[in-house]
Amino acid sequence: QPVFDILVCMGYVTRRFDERLLRFLIDEKLIRLDEPDISVKDILENLEKYFFVKRRSDGESGYILQLHDEMARLVRMYVWPYLDNSGEKKQTLLRAVDQYYDQLISKHTGEEADILRAEKLYYALQRDWKEEGKRFWFELVELGNENINKLLPGEIKDYIESYDSEIQYAINRTIAKIE
């Protein structure tokens with residue numbers, strides 16, 4: 001069960017899935033780790049062995065797990081709709097990830113905090129691109145932070161065409177100013 005829960009979560013949490021996030025999602029009851037004889041190490045080994053999950057160093061003596069992009073897309077397309085018809089579980093997961101990023105951002109400064117804010121934007125856009133994601137994108141623009149501004153055009157590019165023409169204009173004008 002924990003392997004399946006993690007795999008499902010990794011379908012949406014594609015940026016910074018590390019052991020701290022894993023522990024956070026277990027504490028939030030999004031990943032069930034009910035079996036005492038199964039360790040996190042066992043779970044990770046099964047994910048790497050069977051589900052196209054790769055472990056890479058995060059530079060802080062830890063690691064980040066990454067589900068292959070195509071596998072993540074397939075999990076979102078074929079597994080999530082079966083598990084979550086209403087979309088409530090997805091929203092719960094993305095809200096938990098938002099809380100996790102708030103904790104991370106509060107512990108970092110400089111470029112690392114900037115990267116974390118852009119990653120948080122990625123999940124805000126997934127959760128609610130129409131309002132919350134758009135609002136957060138413009139809030140980050142207002143910071144005038146050079147590190148963040150380099151990342152903003154890439155984060156919003158998949159959503160621009162979905163907004164009405166006035167918002168598209170504002171986003172494209174802002175991107176032009178950034179560039």
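Modeller: What follows sets values against cut-offs for this predicted model.

Biologist: Let us begin with the aromatic rings. How many aromatic pairs does a search of the whole structure find?

Modeller: The search finds eight aromatic pairs. One of them joins Tyr12 and Trp80.

Biologist: What makes the pair of Tyr12 and Trp80 edge-to-face?

Modeller: The ring centres are 5.1 Å apart, with 75° between the planes. Centres within 6.5 Å make a pair, and planes over 60 degrees apart make it edge-to-face.

Biologist: Which parts does the pair of Tyr12 and Trp80 tie together?

Modeller: Tyr12 lies in the loop between α1 and β1, and Trp80 in helix α4. The two parts are 68 residues apart in sequence, so the pair links stretches separated along the chain. Tyr12 is buried, and Trp80 is buried as well.

Biologist: Why is the pair of Trp137 and Phe138 called edge-to-face?

Modeller: The ring centres lie 5.0 Å apart and the planes stand at 90°. The edge-to-face class needs an angle over 60 degrees, so this pair belongs in it.

Biologist: Which residues form one aromatic cluster?

Modeller: Phe24, Tyr100, Tyr101, Tyr122 and Tyr123 do. Tyr122 also has the charged end of Arg15 over its ring.

Biologist: How do you know that the charged end of Arg15 sits over the ring of Tyr122?

Modeller: The charged end is 3.8 Å from the ring centre. The limit is 6 Å, and the direction must be within 35 degrees of the ring normal. Arg15 is listed as sitting over the ring. Lys120 likewise lies over the face of Phe136, at 5.3 Å from the ring centre.

Biologist: Now the sheet. What is the strand order, and how does the pairing run?

Modeller: Three strands form an open sheet in the order β1-β3-β2, and the pairing is antiparallel.

Biologist: What makes β1 and β2 edge strands?

Modeller: Each of them pairs on one side only.

Biologist: How do you know that β2 pairs with β3, and β1 with β3?

Modeller: At least two bridges are needed for a pair. Five bridges join β2 to β3. β1 and β3 are joined over two bridges. Both counts reach the cut-off, so both pairings stand. Within the sheet, Ile64 of β3 is the bridge partner of Arg56. Asp18 stands opposite Ile64 too. Lys54 stands opposite Gln66 in β3.

Biologist: Why is β3 called largely enclosed?

Modeller: Four of its five residues are buried, so the rest of the structure largely encloses β3.

Biologist: What about Arg56: which accessibility class does it fall in?

Modeller: Arg56 is in strand β2. Its relative accessible area is 37%. That lies between 20% and 50%, so Arg56 is partly exposed.

Biologist: What makes the phi of Lys29 stand out?

Modeller: Lys29 has a positive phi of about 70° although it is not a glycine. Most residues other than glycine have a negative phi. Lys29 is in the loop between α2 and α3.

Biologist: Why does Lys29 count as exposed?

Modeller: Its relative accessibility is 68%. Exposed means over 50%, so Lys29 qualifies. Lys29 also lines the largest pocket.

Biologist: How much space lies in the largest pocket, and which element supplies the largest share of its lining?

Modeller: About 240 Å³ of space lies in the pocket. α1 supplies the largest share of the lining, with four residues. α1, α4 and α5 each supply at least two. Trp80 is among the lining residues.

Biologist: What is the make-up of the lining by class?

Modeller: Seven residues are nonpolar, one is polar and four are charged. Phe4 and Leu30 are among the lining residues. Phe and Leu count as nonpolar, so both belong to that class.

Terms used: Residues numbered from 1 in each chain as written. Predicted model: local features only at pLDDT ≥ 70, side-chain atom pairs only at ≥ 80, totals over all residues. Heavy atoms only, no water. 1 Å grid on protein atoms, 1.4 Å probe; cavity = no way out; pocket = protein on both sides within 12 Å on 5 of 7 lines; lining within 4 Å. Points joined across faces, edges and corners; volume = space filled by probe spheres on them. Phe/Tyr/Trp six-rings, centres within 6.5 Å; stacked < 30°, edge-to-face > 60°. Buried < 20%, exposed > 50% of the residue type's maximum accessible area, 1.4 Å probe, protein only.
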